[in-house]
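User: I'd like to learn how to read a sheet and the helices around it. Could you walk me through one?

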Amino acid sequence: MISLALWNLRSIANVASILRTADCLGIQTVYFIGTTPHPSLPGDPRLPHVRALLDQKFAKTSLGAEKSLNLAYFPDFTELQDHLNRASSPKSPQPQILALEQAPGSYHLPDLPQLQDHILLIVGEERHGLPPDLLAKCNATLEIPMLGQKESLNVAVATGIALYALEQQMI
């Protein structure tokens with residue numbers, strides 16, 4: 001099982017695209033962290049008109065994928081980790097946390113490390129990526145080898161590639 005965490009993404013279009021891709025690949029749970037925009041959630045404290053506007057923007061790209069996913073928001077990664085700790089049990093242990101980031105010591109997607117039964121893939125902010133303190137909390141870092149002139153992919157595209165590669169590894 002793969003879960004997904006989106007840390008401080010900025011673009012509603014990218015997040016909505018990721019939700020649609022996650023649904024298509026059978027991902028069941030997506031966590032929004034920090035400033036990542038998200039559709040309405042139960043108990044959402046945002047003003048009704050703000051939620052309605054965001055929901056409208058999400059629906060344009062996600063095509064309703066957010067309705068078939070388990071979604072939750074956490075202000076920071078530590079609170080998500082606390083949630084995962086509380087939810088873990090002998091039958092449902094903590095997920096293996098993998099970061100999608102270009103960093104020293106990263107595994108290239110074709111050379112993935114041994115995967116557990118439950119993975120949490122975390123992807124980060126489009127411009128600066130994941131900070132070192134968050135990467136230190138991950139079990140491993142994955143990156144997509146760049147073969148052309150550009151050094152990075154759009155976060156939604158990269159997330160789709162990584163989720164697909166992880167799914168194939170787990171089959």
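This is a predicted model: local features need pLDDT of at least 70, side-chain atom pairs count only at pLDDT 80 or more; totals for chains, interfaces and linings use all residues.

User: What is the order of the strands in the open sheet?

Analyst: In general, strands of a sheet pair through backbone hydrogen bonds, either parallel or antiparallel. Here, 7 strands form an open sheet in the order S3-S2-S1-S6-S4-S7-S5, and the pairing is parallel. Strand S3 (70-74) and strand S5 (107-108) stand at the edges with a single partner strand each, so one side of each has no neighbour in the sheet.

User: How many bridges join S5 to strand S7?

Analyst: There are 2 bridges between S5 and strand S7 (residues 140-143), and the two run parallel. His 108 has Glu 143 in S7 as its bridge partner.

User: And how do I read a pair of helices?

Analyst: Two packed helices are described by the angle between their axes and the distance between the axes. For helix H1 (residues 12-24) and H5, the axes come within 9 Å and cross at roughly 20 degrees. That makes H1 roughly parallel to H5, since angles under 35 degrees count that way. The crossing of the two is right-handed.

User: Which residues make the contact?

Analyst: H1 contributes Asn 14, Ser 17, Ile 18, Thr 21 and Ala 22, while H5 brings Val 155, Ala 156, Thr 159, Gly 160 and Leu 163. Sorted by class, the contact of H1 with H5 has 5 nonpolar residues, 5 polar ones and no charged ones.

Terms used: Residues are numbered from 1 along each chain as its sequence is written. Side-chain values use heavy atoms; hydrogens and water are left out. Two strands pair if DSSP finds at least two bridges between them. Helices (H or I, at least four residues) and strands (E, at least two) are DSSP runs, numbered from the N terminus. Axes are lines fitted to C-alpha atoms, for helices over the stretch in contact, and angles run from 0 to 180 degrees between N-to-C directions. Angles under 35 degrees count as roughly parallel, over 145 as roughly antiparallel, 65 to 115 as roughly perpendicular and the rest as oblique. A crossing is left-handed if the near helix is turned anticlockwise from the far one by less than a right angle, and right-handed if clockwise. Contact means heavy atoms within 4.5 Å. Ala, Val, Leu, Ile, Met, Phe, Trp, Tyr, Cys and Pro count as nonpolar, Asp, Glu, Lys and Arg as charged, and the others, Gly among them, as polar.
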